[in-house]
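Please keep the sequence and the three-dimensional view at hand while reading.

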Amino acid sequence: MSSDLSPIDKAKFVAAKRAAQFVEDGMRVGLGTGSTAAWLVRCLGEMVRDDGLKIRGVPTSSRTAQLARDVGIEVISLDEAKWLDITIDGADEFDGELNLIKGGGGALLQEKIVATASDQMIVIADIGKEVEHLGAFPLPIEVIPFGWQTTQALVEETLISMDVLGRSSTLRMNGDRPFHTDEGNYILDLHLNRIGNPRQLSLVVNQMPGVVENGLFIDICDTVVIGYGDGRVEVRDINEGTVATERLDFVESDNLFSDLSD
Ligand SMILES: O=C(CO)[C@H](O)[C@H](O)COP(=O)(O)O
């Protein structure tokens, strides 16, 4: 490993490397999106190449699909897989009940569909993603472009009446154009107060016409693998509390670090 890698990148890497150990021969694996998930894909690619691991991956975005192919993972669609043994993905926030905010990378819709179609969802994250209450990270919601400003007004009006919206929502941009998801939709980022009842908020938001999905993942994640900048890794399971804290040692020469690109 390059020693000038930042502590956050080290934390992401060790979380991904540990989580890769959950993947077994023959599994159908949901592959998340984002910089942490990209480490996971690289780790799995290495296991496919060097250890002969046989897996089929279902990517949660076009970016991840490209990376998975590049590192030698067989890519299939969710409909080909039908059901997945495991999904491993990053998160923007997780709380003590392993509820999540996701969608910082704009892939929340495919991520939620894939995670929900899996026996097990494992989240990989650096310790900075742990929160007592969800909501400091803006909650992404995916909306269809048709009438998006009307949808935005409805969302804001509803959330203000619930005393959830801190300030206005913002349309995610890509330069001077709206950001488009893989499905061609837009993302609204909701700047919220502390989310008191994520389950209720998720249901309310998803009932509004024009909203396709929101970035709250409730009762979907089973396990979180938390990485620390000094190389420690903690595996936390929702049923058993903290089940293991272990240290994964860095290898200074680890060539996985040379192609950090996400
Ligand atoms: O939900 C996501 C993408 O839609 C990512 O998992 C989330 O944004 C975390 O990303 P990163 O690992 O880069 O911090």
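## Domains and overall form

The domain assignment of the protein chain gives two parts: domain 1, made of residues 7–131 + 219–259, and domain 2, made of residues 139–212. The model is a predicted one. Taken over C-alpha atoms, the centres of domain 1 and domain 2 are 26 Å apart. Where the two domains touch, 11 residues come from domain 1 and 11 residues from domain 2. On the side of domain 1 that touches domain 2, helix H5 (residues 108–116) gives the most, with 3 residues.

The protein chain holds 7 helices and 17 strands. Its radius of gyration is 18 Å, close to the 18 Å that the globule rule gives for 262 residues, so the chain is as compact as a globular protein of that length. The C-alpha trace spans about 55 × 35 × 35 Å along its principal axes. Of the 262 residues, 47% count as buried.

In soluble globular proteins, nonpolar side chains tend to be buried together. In this chain the largest nonpolar core has 65 residues, and those with the most contacts inside it are Ala15, Leu40, Val41, Val123 and Ile124. Helix H2 (residues 35–51) supplies the largest share of this core, 8 residues.

Leaving aside its neighbours within four places in sequence, Val41 is in contact with Leu31, Thr64, Leu67, Ala68, Val71 and Ile73.

## Helix H2

Helix H2 has 17 residues, and the distance from its first C-alpha to its last is 24 Å, close to the 24 Å expected at 1.5 Å a residue. Its buried residues are Thr36, Ala37, Ala38, Trp39, Leu40, Val41, Arg42, Cys43, Leu44, Gly45 and Met47. Which elements cover the buried residues of H2? The cover includes helix H1 (7–20), strand S1 (28–31), helix H3 (62–70), strand S4 (86–89) and strand S7 (121–126). After H2 comes Gly52, which has a positive phi, near 75°.

## Strand pairing

Strand S15 and strand S16 form a hairpin with 4 residues between the strands, in which Gly231 takes a positive phi near 100°. S16 and S17 form another hairpin, with 3 residues between them. Glu234 in S16 takes part in both pairings: Ile226 stands opposite Glu234, and in S17 the bridge partner of Glu234 is Thr245.

| Strand | Partner strand | Bridges |
|---|---|---|
| S8 (residues 139–143) | S13 | 3 bridges |
| S15 (residues 223–227) | S16 (residues 232–237) | 5 bridges |
| S16 | S17 (residues 241–247) | 6 bridges |

## Two loop residues with positive phi

Two aspartates deserve a separate look. Asp163 is found in the loop between helix H6 (148–161) and S9. Its phi is near 60°, a positive value in a residue other than glycine. Is Asp163 buried or exposed? Asp163 is exposed, because 9 other C-beta atoms lie within 10 Å, and a residue counts as exposed at 12 or fewer.

Asp219 is placed in the loop between strand S14 (216–217) and S15. The phi of Asp219 is near 55°, again a positive value in a residue other than glycine. Asp219 has 11 C-beta neighbours inside 10 Å and therefore counts as exposed.

Notes: Residues numbered from 1 in each chain as written. Predicted model: local features only at pLDDT ≥ 70, side-chain atom pairs only at ≥ 80, totals over all residues. Core = buried A, V, L, I, M, F, W, Y, C linked by C-beta atoms within 7 Å. Buried ≥ 20, exposed ≤ 12 C-beta atoms within 10 Å, placed from the backbone. Contact = placed C-beta atoms within 7 Å. Rg over C-alpha atoms; globule rule 2.2 N^0.38 Å. Expected span 1.5 Å × (residues − 1). Pairing = 2+ DSSP bridges. Domains from an automatic or database assignment.
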